[in-house]
Amino acid sequence: MQQPARPRLFRMPVRDLTAGDFAAYASMSSGAFGGSYDPTAPGAPRDFSPGQTPLGIDASSVPGGLDGVLAAGARIRHDRVALGGGVVGCGGIAGLAVHPAHRGDGLFGQLLTAVIARCDAEGLPLSMLYPSNPAIYRRFGYQVVARTESLIVPLVDLQRLRPVPDRRLVPVTEQTMPRLRELYHRLSAHENAMLRREAPLFEEGLPGGGWSALLLEDLSGTAHGYVSWTRLDGGDGVGLEVHEVLGRTRADRIALLRSLGSWSTVTENVRVRLRPEDPLLDALPGGGARPDPGPVPLVMMRVVDTVGALRARPAPPSLTGAVRLVVEDSTVPPGTCRAAGTFVVSAADGRIEAAPEEGEDRVLLGTIRLDIHAASLLLVGGRSLADARRLDLTATADPAAETFLDALLAGPRPGVLDAF
Ligand SMILES: CC(C)(COP(=O)(O)OP(=O)(O)OC[C@H]1O[C@@H](n2cnc3c(N)ncnc32)[C@H](O)[C@@H]1OP(=O)(O)O)[C@@H](O)C(=O)NCCC(=O)NCCS
């Protein structure tokens, strides 16, 4: 039987956290997610890393709460993500936790609403998170848009691959890492939702922690792909955690898979992380790959600023027209962010224009009406209004307007790999 919702406390002030709050935040968050924080340990961090906005609620503002303790906290990472050839700011929600003494009193929703408002205020039209409990975020307009899968690939399959002509492998060192980053930017530019992985959130040097990689180049030294991995102890027959296999062409991906086959003398299998519909699947030679039995990490996203999200991407060059787009958002109080509204969205000369409708008498192809869940699913790209309806989301449209929006947002299904 469903429990009735508990009575909520009155609204708590959410404030910016500073270096002085770091120890309280770190101890609450390590208490929630595991690990420990010892501020006296040598090299222990004393402040939030740059590129993030930390927010929190003081326990002293909650009945019975203590001074110097945080009742709740979260960090907004100022990421940027690729959007079908454009780039858009995206607030990555990290380390969101409520102190165990104050759970069940509605602080989660108050904090998350403030986080969404802050993403908008900081010019981040989208927000992204990796939920451990998707249902609680869905209530605030976040929608599952992608998942990261891993396959266990037997190396016996990869050993049979033939050498690819005009390609050679180069170790990735401090010196060659900038080439890998530059190639990643180019290969992911036309994807949807792939992180740009820029400083200061992503450090410029080698990732460390046993991370290794090889660049694939042609004989003139131009990079065409890379493979990155961490060596595992291989106790369960899986000797390599392969983070990414990215190549410009299918032949490049085959060349990279072949290099993985060279590990067959020391291990039987590798675990390979994949995006949804990853082109690597089309380069795997054998049928022996099987899904990793581990949990499938989900990615949820939310539109925070509809105009900002639409204008960030280019339009298909041949597409012209204009539609009325109505986005309804009952998950946060009106005015929290700029997702909801009635907008005119047009495309011409490869560009998208979007603005709140202001009574202009433009010829429109029709009206599209989306709830916040459908808007969050669709505006990240690569999905159709029919996909949204299959998920039982509100996505209604005049037929010509639907064809237009589907064409405007067509592209690869969103995929996120969170690091090199
Ligand atoms: C998850 C967490 C943030 C919820 O915070 P909270 O302030 O206790 O949540 P609220 O009181 O606002 O409750 C929000 C709703 O989520 C539900 N909920 C809370 N925790 C839940 C859980 N673990 N599983 C399922 N539902 C949960 C509540 O029942 C409530 O529903 P209701 O409105 O129908 O009563 C908190 O329990 C926590 O910090 N957990 C450890 C860290 C964590 O999991 N962070 C999220 C990482 S993605």
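Trainee: What should I know about the model before we start?
Mentor: This is a predicted model, in which local features need pLDDT of at least 70 and side-chain atom pairs count only at pLDDT 80 or more, while totals for chains, interfaces and linings use all residues. Residues are numbered from 1 along each chain as its sequence is written, and side-chain values use heavy atoms, with hydrogens and water left out.

Trainee: How many residues of the chain count as buried, as a percentage?
Mentor: Of the 420 residues, 51% are buried, where buried means under 20% relative accessible area with a 1.4 Å probe, protein chains only.

Trainee: How many aromatic pairs are there?
Mentor: The count is 8 aromatic pairs. Rings of Phe, Tyr and Trp (its six-membered ring) pair if their centres lie within 6.5 Å; planes under 30 degrees apart are stacked, over 60 edge-to-face, and the rest tilted.

Trainee: Why is the pair of F108 and Y137 called edge-to-face?
Mentor: The ring centres of F108 and Y137 are 5.3 Å apart and the planes stand at 75°, so the pair is edge-to-face.

Trainee: Are F108 and Y137 buried or exposed?
Mentor: Both F108 and Y137 are buried.

Trainee: Which residue forms another aromatic pair with Y137?
Mentor: Y142 does, with 6.2 Å centre to centre and 80° between the planes, which is edge-to-face. Y142 is buried, as is Y137.

Trainee: Which residues form an aromatic cluster?
Mentor: One aromatic cluster consists of F22, Y25, Y37 and F48.

Definitions and conventions
Buried means under 20% relative accessible area, exposed over 50%, partly exposed in between (1.4 Å probe, protein chains only).
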